[in-house]
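I opened this entry to work through the fold before going to single residues. My notes follow in the order I looked things up.

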Amino acid sequence: MRIVVAGGTGLIGLKVVESLQLLGHDVVPAAPGTGVDTISGRGVADALKGADVVVDVTNK
C-alpha cells in the first residue's frame, strides 16, 4: 500500500513513517524538506499520485 504521511519528517511523523515501512508499505514522507508544502500546495499533487492513504501528522 502506498501511504503519504503529511508531516512525515517531524517528531511524530518520523516514527509513523518508520513503523509503516517496517510493515512493508511504500511510504512517502511529505514535508517542506521533501518538496511538499501542504500550506501553499507546492508538490502536493505529485506526492499524492498513486496514494491509497494519507496520514496527517502536521502541526499547523
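In what order do the three strands of the open sheet stand, and is the pairing parallel or antiparallel? I had to keep in mind that this is a predicted model. I read the order as β2-β1-β3, and the pairing is parallel. The edge places go to β2 (26-30) and β3 (53-56). Each has a single partner strand, so one side of each is left without a neighbour in the sheet.

**Entry: β1 and its surroundings**

I looked at the pairing of β1 with β3. Strand β1 covers residues 2-6 and pairs with β3 in the parallel sense, over four bridges. Val5 stands opposite Val55 in β3. Next I asked what packs on this sheet. Helix α1 (residues 11-22) does, and it touches β1, β2 and β3. The direction of α1 makes about 170 degrees with that of β1.

**Entry: the whole chain**

I counted two helices and three strands. From the N terminus on, the elements run β-α-β-α-β. The radius of gyration is 10 Å, close to the 10 Å that the globule rule gives for 60 residues, so the chain is as compact as a globular protein of that length. I also noted the box filled by the C-alpha atoms: roughly 30 × 25 × 15 Å along the principal axes. Of the 60 residues, 27% count as buried. For contacts between residues at least 6 apart in sequence, I found that 55% join residues at least 24 apart.

**Entry: salt bridges**

How many salt bridges does a search of the whole structure find? It finds two. One joins the side chains of Arg2 and Asp26, at 3.1 Å from N to O. Arg2 lies in strand β1 and Asp26 in strand β2, so this pair ties together parts that are 24 residues apart in sequence. I checked accessibility for both partners. Arg2 is partly exposed, with a relative accessible area of 22%. Asp26 is partly exposed too, at 41%.

The side chains of Asp46 and Lys49 also meet in a salt bridge, at 3.1 Å from N to O. Both Asp46 and Lys49 are exposed.

**Entry: Asp37**

I went to the loop between β2 and α2, where Asp37 sits. Is Asp37 buried or exposed? Asp37 is buried, yet it has no salt bridge. The nearest side chain of opposite charge is Arg42, 4.4 Å away. A salt bridge here needs a nitrogen to carboxyl oxygen distance within 4 Å. Leaving aside neighbours within four places in sequence, I found Asp37 in contact with Arg42 and Val44.

Thr9 is in the loop between β1 and α1. Thr9 counts as partly exposed because its relative accessibility is 40%. Which residues does Thr9 contact, leaving aside its neighbours within four places in sequence? I listed Leu14, Pro29, Ala31 and Thr34. I also took the distance from Thr9 to Ala45: they are 36 residues apart in sequence and 18 Å apart in space, C-alpha to C-alpha.

Gly50 lies in the loop between α2 (44-48) and β3. At 57% relative accessibility, Gly50 counts as exposed. I compared its place with that of Val27. Gly50 and Val27 are 23 residues apart in sequence and 11 Å apart in space, C-alpha to C-alpha.

Terms used:
Residues are numbered from 1 along each chain as its sequence is written. This is a predicted model: local features need pLDDT of at least 70, side-chain atom pairs count only at pLDDT 80 or more; totals for chains, interfaces and linings use all residues. Side-chain values use heavy atoms; hydrogens and water are left out. Two strands pair if DSSP finds at least two bridges between them. Contact means heavy atoms within 4.5 Å. Axes are lines fitted to C-alpha atoms, for helices over the stretch in contact, and angles run from 0 to 180 degrees between N-to-C directions. Buried means under 20% relative accessible area, exposed over 50%, partly exposed in between (1.4 Å probe, protein chains only). Lys and Arg count as positive and Asp and Glu as negative; His and the chain ends are not counted. The radius of gyration is taken over C-alpha atoms; the globule rule is 2.2 Å times the number of residues to the power 0.38.
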